[in-house]
Every structure is written in structure tokens, then in C-alpha cells.
Amino acid sequence: MTLAKTLAALAAFLILIPSCFAKDETLAELKGRISENLTSSKFGDVKIILPASGEKSAFAIYAQYVFPNFDRAEFLKIIGNGGNAKPPDSVCAAFAEYCARRGLEFGETAFAPDAARYYLSCGMPLAAHALLSPADIEKFTERAEKRKSAANAGAWRGMLEKNKISVSGNGSGVWLIISGFNKFTGEFMLRGADAEKAFWITREEMESLPAKRFFTVLLAPSKKAKKSGEANSLKEATDNFFASPEIKKSEIGAEPQ
């Protein structure tokens, strides 16, 4: 082997070293990193900046946000070993196991507006799954365009009362990411794989979504959750955390001036 080829091989090896010995983040490190991904506006919108991605799955984008070095091959292998479970259960069970291997907890929770705002204000998005048709999503995205022309949040809040949306209930299962909120208007921002088609939805509309389910990575370790990521334990821990007095009393998202 010539000197040039030897040096080239050595350089390639050195490039691989960081990924081979990459250390998983602790919960504290994760919280510190994601807390820097927030942006706010005079309109009162608080948004999480998600990385640009060519992914066609919103859940894959969510996973890559939590784990910048997300190991897709390992994740798919876990799904393959999961038996006959169907989405979204198969995906969630696999991701719970993936998180558990790295000292984190992931599980299903009921939707609680104050708790959701707390998580979002910490930089942690929530994953959502619901039955929506392309026509349903188009209604929301069209209203989102109108939102951009509102003079201020107060004006838009008044317009929302006249522009409520009901979904058909005939859609198929889709993954969405809850990645923003506006406490003054009572809205939450959702997006699929295409960030350009993000839309805003009220709490009432969120609660009326057909077959809605919500999931999150816990920002506080639960005492009852098992290392295996048992769904019931995680749900109980998440719901208890969301219902804590500190969360209920929090005033996240200042009213626009």
C-alpha cells in the first residue's frame, strides 16, 4: 500500500471514530440541548425549531429531534422483533424500547393543554396520531394562511370563533408533531413531515380529533416506570407529572402586548 493510500485509510478511520464511540445523552443533557431550540413572536407564538429533514414520516423527524444520532437500523430491528402489533402501537412500543436502552422514558399520555405548553416551552415536542383525511388537513392549512394576515393575536382570536373546523372522521392514521403553542389564542401548532404545511388548531379541535393519541419523552424520571418501557407505567407517570401543581400553576406563554 502506498503512503497516500495509507493516509487516506487512516483519515477515513478517524472520521468514523466519533460515531463509533458516540455517548448517549443523559436526561439533563437532553433538556439542556432542546431548551435552546425555541423561538417566539410578538403574535404570542412559541415554536420549537425542528431540524430540516427529507424524511417522509413525521415520527421519524420526532425521533431524530430527540436523538440527533438516531439509529434507524436498530429501531427497525426492534419493530421487527415486536410481534404482530400494528401502527401506531408497533412504532410506539419500539421507540419506548429504543429510549429505555438509553435511559429515557417514552409513553402515551392524555392531552392536557397546560402540560403540553410546559413540555413545548422546554423544547420537547409531542408526537400525535389521529385519523385525518387530506381534505381535513387542507382545511387547517387554509385557515393557517388566513392567520398570517391577522393584525394581532387579539384580532385572530376573534376570527377563530367564526372559523372553527370539524373533521370528517373518514381519514386514515397520520403522525403529527405538536411543536408550538399560543396561550393567548389557545392554539397549538401541528405539522407532518412537510414543515411548509404546518397548521394551528384549538384545544377544542384537538380534543375532537378522531382516534387521537398523544406520546412524549418524559422530562422527569418516573418512579413507577419499568426499564422495559411498560406502556401503562409510562402513561401513569406522564399523567401524574402533567397533573402536578407546578404544571397547573405555570404561566407559560405571555399574553401579547
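**Exercise 1.** Determine how the length of helix α7 compares with its expected span, and where its buried residues lie.

*Solution.* Helix α7 comprises residues 134–148, helices being DSSP runs of H or I with at least four residues and strands runs of E with at least two, numbered from the N terminus. From first to last C-alpha, its 15 residues reach 21 Å, close to the 21 Å expected at 1.5 Å a residue; the expected span is 1.5 Å times one less than the number of residues. The model is predicted: local features need pLDDT of at least 70, side-chain atom pairs count only at pLDDT 80 or more, and totals for chains, interfaces and linings use all residues. Residues are numbered from 1 along each chain as its sequence is written, and side-chain values use heavy atoms, with hydrogens and water left out.

Next, identify the buried residues (under 20% relative accessible area, 1.4 Å probe, protein chains only): D136, F140, T141, R143, A144 and R147. Viewed down the axis of α7, these fall within an arc of 160 degrees, so they line one face of the helix; the arc is taken from the directions from the helix axis to the C-beta atoms.

Finally, list the packing partners: β4 (126–132), α8 (153–160), β5 (172–182), β6 (187–191), β7 (199–202) and α9 (203–207). Contact means heavy atoms within 4.5 Å.

Methods: Buried means under 20% relative accessible area, exposed over 50%, partly exposed in between (1.4 Å probe, protein chains only).
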